[in-house]
Amino acid sequence: MTARYVRIPKFCEETGYTARAVETKIHRGVWAEGRQYRRAPDGCIFIDMQGFEKWVEGQKQAESAQTATA
């Protein structure tokens, strides 16, 4: 069973992203709280794997649309 919410180290292990890359996406607002990540009541950040997958798929769709119109 795969967990929906994972801590940053587990996310990095599964995706190959670095912790710094994740933190940068959060800090710059590339990822939105409540969509790609959530904060637990104690302040720990958990990555929403479903939100991450939607973000990736959205990127692919945007690139396909740009390629089709070019």
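Visitor: Asp48 first. Is Asp48 buried or exposed?
Guide: Asp48 counts as buried, because its relative accessibility is 2% and the cut-off for buried is under 20%. Keep in mind that this is a predicted model.

Visitor: Which side chain does Asp48 meet in a salt bridge?
Guide: Arg4. The N to O distance is 2.9 Å.

Visitor: OK, how many salt bridges in total?
Guide: The count comes to four.

Visitor: Which residues are linked in a network of salt bridges?
Guide: Lys10, Glu13 and Glu14. In the Glu13 to Lys10 bridge, the closest N and O atoms are 3.6 Å apart. Both of those residues lie in helix H1, residues 8-15. They are three residues apart, about one turn of the helix.

Visitor: Glu13 and Lys10, then: exposed or partly exposed?
Guide: Glu13 is exposed, at 62% relative accessible area. Lys10 is partly exposed, at 37%.

Visitor: What about Arg39, which side chain does it meet?
Guide: Glu33, in a salt bridge of 3.8 Å, N to O. Arg39 is partly exposed, with a relative accessible area of 42%.

Visitor: Switching topic. How many residues has the largest nonpolar core?
Guide: It has 13. Phe11, Val22, Trp31 and Ile47 have the most contacts inside it.

Visitor: Which elements supply at least two residues each?
Guide: H1, helix H2 (19-28), S3 and helix H3 (49-69).

Visitor: What does Phe11 touch?
Guide: Leaving out residues up to four places away in sequence, Phe11 touches Val6, Gly16, Tyr17, Val22, Trp31, Ile47, Met49 and Phe52.

Visitor: Now the whole chain. How many helices and strands?
Guide: Three helices and three strands. From the N terminus on, the order is β-α-α-β-β-α.

Visitor: What percentage of the residues is buried?
Guide: Buried residues make up 24% of the 70 in the chain.

Visitor: Last one. Of contacts between residues at least 6 apart in sequence, what share joins residues at least 24 apart?
Guide: 45% of them.

Conventions:
Residues are numbered from 1 along each chain as its sequence is written. This is a predicted model: local features need pLDDT of at least 70, side-chain atom pairs count only at pLDDT 80 or more; totals for chains, interfaces and linings use all residues. Side-chain values use heavy atoms; hydrogens and water are left out. Buried means under 20% relative accessible area, exposed over 50%, partly exposed in between (1.4 Å probe, protein chains only). Helices (H or I, at least four residues) and strands (E, at least two) are DSSP runs, numbered from the N terminus. A nonpolar core is a set of buried Ala, Val, Leu, Ile, Met, Phe, Trp, Tyr and Cys residues joined through side-chain atoms within 4.5 Å. Contact means heavy atoms within 4.5 Å.
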